[in-house]
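Here is my note on the model you sent.

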Amino acid sequence: MERRMIEQIGEMGVVPVVVLNESQNAVPLADALCEGDFHVQK
């Protein structure tokens, strides 16, 4: 799994980082990212 993650990072070229101040925002954000066809890593 780690190797595939490294390959995906190489393919994307950019690793966005999101910091949430409120944990209740995590699920709505994840839903929006998935609907927008973004690749999401946990």
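1. A helix here is a DSSP run of H or I with at least four residues, and helices are numbered from the N terminus. With that in place, Glu 7 and Arg 3 sit four residues apart in helix α1, so about one helical turn separates them. The model is a predicted one.

2. On secondary structure, the chain contains two helices and zero strands. Helix α1 covers residues 2-12, and Met 12 belongs to that helix.

3. On burial, 0% of the 42 residues in the chain are buried. The cut-off matters for reading this figure, because buried means under 20% relative accessible area. The accessible surface of the chain is about 4100 Å². Carbon and sulfur atoms account for 57% of that surface.

4. How many salt bridges does a search of the whole structure find? The search returns three. Arg 3, Arg 4, Glu 7 and Glu 11 are linked by salt bridges into a network, and the next points take the pairs in turn.

5. Glu 7 pairs with Arg 3, with 3.5 Å between the closest N and O atoms. This is the pair already noted as four residues apart in helix α1. Arg 3 is exposed, at 67% relative accessibility, whereas Glu 7 is partly exposed, with a relative accessible area of 36%.

6. Glu 7 also forms a salt bridge with Arg 4, where the closest N and O atoms are 3.3 Å apart. Glu 7 and Arg 4 are three residues apart in helix α1, so their separation is again about one helical turn. Arg 4 counts as partly exposed, at 40% relative accessibility.

7. Arg 4 has a further salt bridge, to the side chain of Glu 11, at 3.5 Å from N to O. Glu 11 is exposed, its relative accessible area being 59%. Arg 4 therefore falls in the partly exposed class, while Glu 11 lies over the 50% cut-off for exposed residues.

8. Which residues form the nonpolar patch on the surface? They are Ile 9, Met 12, Val 15, Val 17 and Val 19, with about 490 Å² of accessible area together. Met 12, which is in helix α1, is partly exposed, with a relative accessible area of 40%.

Conventions. Residues numbered from 1 in each chain as written. Predicted model: local features only at pLDDT ≥ 70, side-chain atom pairs only at ≥ 80, totals over all residues. Heavy atoms only, no water. Buried < 20%, exposed > 50% of the residue type's maximum accessible area, 1.4 Å probe, protein only. Areas by Shrake-Rupley, 256 points an atom, 1.4 Å probe, with all protein chains shown as cover. Patch = residues over 30% accessible without salt bridge, like charges linked within 9 Å, V, L, I, M, F, W, Y side chains within 5 Å. Salt bridge = Lys/Arg side-chain N within 4 Å of Asp/Glu carboxyl O.
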